[in-house]
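Subject: Structure handover

Hello,

Here is the structure you asked to look at. Please keep it open while you read the notes below it.

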Amino acid sequence: MLRMSWTIFLKDVRMEFRGKEALNASLAFALVVLILFSFAFDPTSEQIREITGGLLWILFAFSGVLLVNRSFVREQSNDCLDVLLVSKVPASSLLLGKTMANLVFILLVEAVCLPVFSVLYNISMFQLPLWLLGVCLLASWAIAILGTAFAAMTVNLRLRELMLPVMLYPMIIPALAAAMYLTNNIAAGKVPVGDDLIWVRLLVGFNVIFTTLSLGLIDTILVD
Amino acid sequence: MFDKILFGVGAASGLYLVRNLYTMLMVLPDEAAQGMIYRIMFFHIPSWWTCFICFFIAGAASGYSIAKKNFRADSLAVAATEVGLAFTFVGLATGMIWAKIIWGIWWTWDARLTWAFITALTYAAYLMMRNMIPDPNERMRVSGALNVFSFASVVICYKAIDWWRTQHPGAVMSFRTGGGNIDPAMEGMTYQNLFAFLMLCLVLVTVRLRQEESLRTLEGMRRLAFTRQRIAVLG
């Protein structure tokens, strides 16, 4: 099953890197919003330190939705999705492979946005690189797995670009809240200890629960 | 006959609510700390329980409908979700009125309130989503799966007062605290109103379920007529 997921993952990554349409759009969107932030408040004030996490994760959630939305739409031309479903790849492998590909795309957007954010707003995000990497991995996985599962639900809808965020954002609030809180601490150079570790546990627990639920339900969603 | 029973249960729940109103306004005294506004709790707490019960039924029915490909269960899920969502809004509104008087604000972003709001949003998304899928089979699969997902937020909402320190008051009912936090007369009143709400909820869900079933029959007939017409044109 994992080998098939890997194949799907490679296929999706290769397809995206050849066309780069979703990745480019999402990156451009993220950068534009980063610049818009500077008009929403005084970019030189100290206040921004306190809202760093909130700004960044709202940005990543928005650009992440642009990315995950494409992952099943991409398969619609020439009925590729139907072919994938009748092939011997189980639906859960398909979801896992696509989620991994989306995770890579979201991480790429983050890898570009974080340094740009650091430079533009004079906040050093990389004081605790390992913690930052950990939080990014966990929270991006949360966006990727739920986003991909919901993208599978909405793929046939006319208004899928609208419905996906409407369904996804309320669901991922716990993961986003945890990521925002931890990112704030990381930007301030504070290692999360004691009570703050509950947010790490929340992120891990969220991922375990929703990864299991998504992998369990994807058969119902995609295959009849 | 069934209609008459349904009507009877609905009328009984209405009468019961009026009788409860009389007891809570004329018989029960004001609460020591909160004064007379505490009475809104007789509506706030039962409406949340009713909506949780509705969502539980909806989640179970959705799980059954996608496992067994059962359309009736799917109809039950949508009926229970709709009625549950109505009770959610009753719960939110009564809670906000209470908060304005006791806390001085309409809303605060603590874990319980936030999750209550998230719950309302996810189930509203479920109902929106259903309307967008024309094919009944796909509608059952996709919205059923979404309903199962949504139930996670109900569980979190229910347990939020235990998991976080919230501004929302903690558990007061005896079955969660072991007793001593609430006057037995007031607790009894809460259960009586819950019973009245559940009767009302039963009637509403049944009516909505029948509507949904008729809708499905109509849809099927329309599909059949369309196919026959096509065959007639082609043949």
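Predicted model: local features only at pLDDT ≥ 70, side-chain atom pairs only at ≥ 80, totals over all residues.

Cysteines

How many disulfides are there over all chains? The search of the whole structure finds 0. Two cysteines show why. In chain A, the cysteine sulfur closest to that of A:C136 belongs to A:C113 and is 10 Å away, which is too far for a bond. In chain B, the sulfurs of B:C201 and B:C54 are 3.3 Å apart, and this is also too far for a bond, because a disulfide needs the two sulfur atoms within 2.5 Å. A:C136 counts as buried, at 7% relative accessibility, and B:C201 counts as buried with a value of 7%.

A helix in chain B

Helix α4 of chain B runs over residues 111–132. With 22 residues at 1.5 Å a residue, α4(B) should span 32 Å, and the 32 Å between its end C-alpha atoms agrees with that. Of the 22 residues in α4(B), 17 are buried. The N-terminal end of α4(B) is capped by B:D110, which has a side-chain oxygen 3.3 Å from the backbone nitrogen of B:R112.

Nonpolar cores

The largest nonpolar core contains 127 residues, and A:W57, A:L146, A:F150, A:M153 and B:M129 have the most contacts inside it. Helix α6 of chain A (residues 129–154) gives the most to this core, namely 15 residues.

Beyond its neighbours within four places in sequence, A:W57 is in contact with several residues, among them A:E110, A:C136, A:I143 and A:T183.

Salt bridges

There are 17 salt bridges over all chains. One of them joins A:D12 to A:R74, with the closest N and O atoms 3.3 Å apart. A:D12 lies in helix α1 of chain A and A:R74 in the loop between α3 and α4 of chain A, so this pair ties together parts 62 residues apart in sequence. Are A:D12 and A:R74 buried or exposed? Both are buried.

Another salt bridge joins A:K98 and A:E75, at 2.8 Å from N to O. A:K98 is in helix α5 of chain A and A:E75 is in the loop between α3 and α4 of chain A, so parts 23 residues apart in sequence are tied together. A:K98 and A:E75 are both buried.

In chain B, B:E219 and B:R139 meet in a salt bridge of 3.2 Å, N to O. B:E219 is in helix α7 of chain B and B:R139 in helix α5 of chain B, 80 residues apart.

Regards

Technical notes:
Residues numbered from 1 in each chain as written. Chains lettered and ligands numbered in written order. Heavy atoms only, no water. Buried < 20%, exposed > 50% of the residue type's maximum accessible area, 1.4 Å probe, protein only. Helix = DSSP H or I, 4+ residues; strand = E, 2+ residues; numbered from the N terminus. Expected span 1.5 Å × (residues − 1). Polar contact = N/O pair within 3.5 Å; in protein donor to acceptor, adjacent residues only side chain to side chain. Core = buried A, V, L, I, M, F, W, Y, C linked by side-chain atoms within 4.5 Å. Contact = heavy atoms within 4.5 Å. Salt bridge = Lys/Arg side-chain N within 4 Å of Asp/Glu carboxyl O.
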